[in-house]
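Welcome, and thanks for taking a look. Here is a short briefing to read alongside the model.

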Amino acid sequence: MAEKPKFYITTAIAYTSRKPHIGNSYEIVLTDAIARYKRLQGYDVFFLTGTDEHGQKIEEYAAAAGVSPKAYVDKVAGEIRAVCDTLGTSYDKFIRTTDDYHEKAVQKIFKKLYDQGDIYKGEYEGLYCTPCESFWTESQLDENGCCPDCHRPVKKAKEEAYFLRLSKYQKQLEDYIESHEDFIYPEARKREMLNNFIKPGLQDLCVSRTSFTWGIPVSFDERHVVYVWLDALSNYITALGYDPDGASDLYKKYWPADVHIIGKDIVRFHTIYWPIMLMALGEPLPRQVYGHPWLLFGEDKMSKSRGNVIYADDLCREFGVDAVRYYLLAEMPHAQDGSITYESLIERYNTDLANTIGNLVNRTVAMQQKYFAGVVQAPDCPGEFDADVRALALETVAQVDRCFSEYKIADAVAAVLALARRLNKYIDETMPWALAKDEAQRARLGTVLYTLLEGIRFLGVLLTPFMPSTADAIFAQLGTDVRDYASLSAFGGLLAGGAVGKPVPLFSRIDGEKKIEELLAQQQREQAAEKAAAEKAAGAGDSGEPAQAPGDAAEISIDDFMKTELRVAQITACEPVKRSKKLLKLTLDDGSGTPRTVASGISPWYEPQALVGRKVLLVANLSPAKLCGVESRGMILAADCGETDVQVVFVDDAVPVGARVR
């Protein structure tokens with residue numbers, strides 16, 4: 001038997017500062033889909049992910065938590081791995097940069113580069129960003145004098161350090177990038193690296209620190225610890241058993257990597273620092289670095305301070321693992337940032353999964369059971385539309401392959417969905433229920449249902465990289481195990497005479513409005529709990545008084561009350577929210593000079609026009625929330641007057657707009 005072609009794929013290793021949100025989780029699902037697709041094609045795949053666990057930032061987080069750095073990273077690394085597992089990712093190895101074998105290999109790498117003169121000792125004086133763990137010159141800062149990457153403040157730092165001679169390899173790297181067209185992908189990232197960073201001139205890179213201790217000690221100078229990028233980037237080879245004194249068989253088999261899948265914000269490190277390290281070590285460079293876009297919440301980057309963080313495990317619990325995977329892969333464009341909102345997730349769930357794919361499988365298998373007791377018939381009575389379906393199925397296989405080769409994964413998902421839509425249209429065109437009424441059309445009915453089942457088999461194979469559990473469920477209902485990629489070379493792999501399984505719905509429709517209300521309520525409860533925990537940790541509220549009984553409102557101090565900013569606002573416009581039966585969209589004048597939008601669930605009790613011109617009480621410092629597509633920046637006060645009545649608290653017209661209520 002011929003040896004399988006190898007394929008080595010990696011994610012960037014996740015930093016163990018805190019649990020990753022759904023935007024961070026996109027990368028692991030993207031990489032998993034590519035790895036699964038290559039396995040489906042017959043490749044011997046090695047898929048690496050893991051965690052980056054050293055650095056000053058970790059040391060500071062651990063100190064704030066009152067634990068050792070190792071205890072801190074053990075906890076967060078466990079959370080990161082749990083998210084990977086929850087999302088059903090099929091990684092072959094999970095590396096931690098605190099693993100003993102990695103630390104020893106990094107020390108040897110550092111020593112080798114030092115001994116051959118590629119690392120030298122000097123002194124660094126510059127502007128340091130702790131969150132990014134990067135030094136910057138004055139000219140590199142953004143317009144506000146902050147870090148150009150994260151836009152947070154930098155501080156002056158001066159310390160003894162070891163440096164990697166980037167400048168020595170600048171011309172070699174530039175020539176390599178120019179002569180290897182696909183090394184940096186997409187093209188825009190390549191031009192950015194060459195024009196903005198390499199051609200203007202590379203400065204030697206600081207690769208050790210003395211101002212903190214949580215890192216891998218430099219073996220010959222233990223006052224220094226290895227700086228983050230040399231430590232973290234080396235994981236791609238240490239995970240395979242790289243050792244300067246002699247590499248392992250695993251390393252010899254899989255290196256160089258076929259592709260590093262990374263976020264667009266760390267392309268510079270992977271296409272400048274990492275290649276130069278490898279050049280200095282005399283090792284081959286990875287074949288490709290793909291810098292993918294970000295997944296945003298609405299139009300904003302996710303952050304705790306914005307109150308817009310969504311976690312993968314929470315979404316999986318609410319919608320199912322495969323639905324979350326599908327959304328992440330379908331929603332992210334190839335070369336620009338993608339977006340996640342509860343509304344768009346639910347819309348895709350209902351439209352693509354429940355209506356298009358789920359309904360197709362369910363009604364086809366049900367008809368096969370109803371008309372032929374589940375037994376698959378031979379397709380020996382061809383008719384109109386059959387050839388179109390067969391041609392599209394085969395073209396979809398080719399289109400998906402083209403998309404994967406260019407990492408246009410959302411386009412691959414769209415192609416598979418288009419096949420599902422065509423199969424649904426084929427049902428409408430052939431009307432099996434009408435054929436079933438005419439015994440003379442029985443052979444044609446059998447062929448129509450065979451065409452549908454075989455089309456669904458194509459869907460099942462092609463969905464495997466995106467939604468592996470759903471693919472399993474599809475094949476269980478088809479009653480076949482013919483699901484290898486080679487079987488897609490011709491339309492007709494499903495064997496006649498077999499029997500389909502029981503029709504079981506793959507996805508059930510979601511009541512969008514109800515689900516969004518539940519999710520936002522849960523998010524607000526979690527934010528309140530986090531805030532309370534933070535205040536308690538800081539000593540707030542520790543009065544020694546007994547806790548309130550369950551269901552009672554806890555007493556608060558005047559200082560607590562003053563944290564809520566109540567202001568008088570006037571409703572200048574009001575209209576129903578199209579996606580909701582309860583919400584009204586209020587436009588308020590709060591005295592600031594900028595109109596404020598608030599979504600309020602008072603539609604059952606008030607007509608929009610009756611509210612215009614009225615003055616209300618506004619909670620002005622409430623965290624923004626998106627409700628059915630409307631960004632609500634605050635809340636108006638209303639009273640519960642029994643189970644079926646709500647009364648808005650109106651303010652006398654004599655009170656000026658913007659007045660603070662105390």
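Which residues in α2 meet which residues in α3? In this predicted model, Ile58, Tyr61, Ala62 and Ala65 in α2 meet Pro69, Tyr72 and Val73 in α3.

- The residues of the contact of α2 with α3 divide into seven nonpolar, no polar and no charged.
- Helix α2 covers residues 56–65 and helix α3 covers residues 69–86; their axes come within 8 Å and cross at roughly 95 degrees.

**The annotated cysteines**

- According to the UniProt record, an unreviewed entry, the annotation "binding site" covers Cys129, Cys132, Cys147 and Cys150.

- Cys129 sits in strand β5, residues 119–129, and is buried, with a relative accessible area of 0%.
- Leaving aside residues up to four places away in sequence, Cys129 touches Ser134, Trp136, Cys147, Cys150 and Val154.
- Cys150 is found in the loop between β6 (134–136) and β7 (155–164), and is partly exposed, with a relative accessible area of 21%.
- With residues up to four places away in sequence again not counted, Cys150 touches Cys129, Pro131 and Cys132.

Conventions
Residues numbered from 1 in each chain as written. Predicted model: local features only at pLDDT ≥ 70, side-chain atom pairs only at ≥ 80, totals over all residues. Heavy atoms only, no water. Axes fitted to C-alpha atoms, helices over the stretch in contact; angles between N-to-C directions. Helix = DSSP H or I, 4+ residues; strand = E, 2+ residues; numbered from the N terminus. Contact = heavy atoms within 4.5 Å. Nonpolar A, V, L, I, M, F, W, Y, C, P; charged D, E, K, R; others polar. UniProt positions renumbered as here; feature names shortened; annotations may be inferred. Buried < 20%, exposed > 50% of the residue type's maximum accessible area, 1.4 Å probe, protein only.
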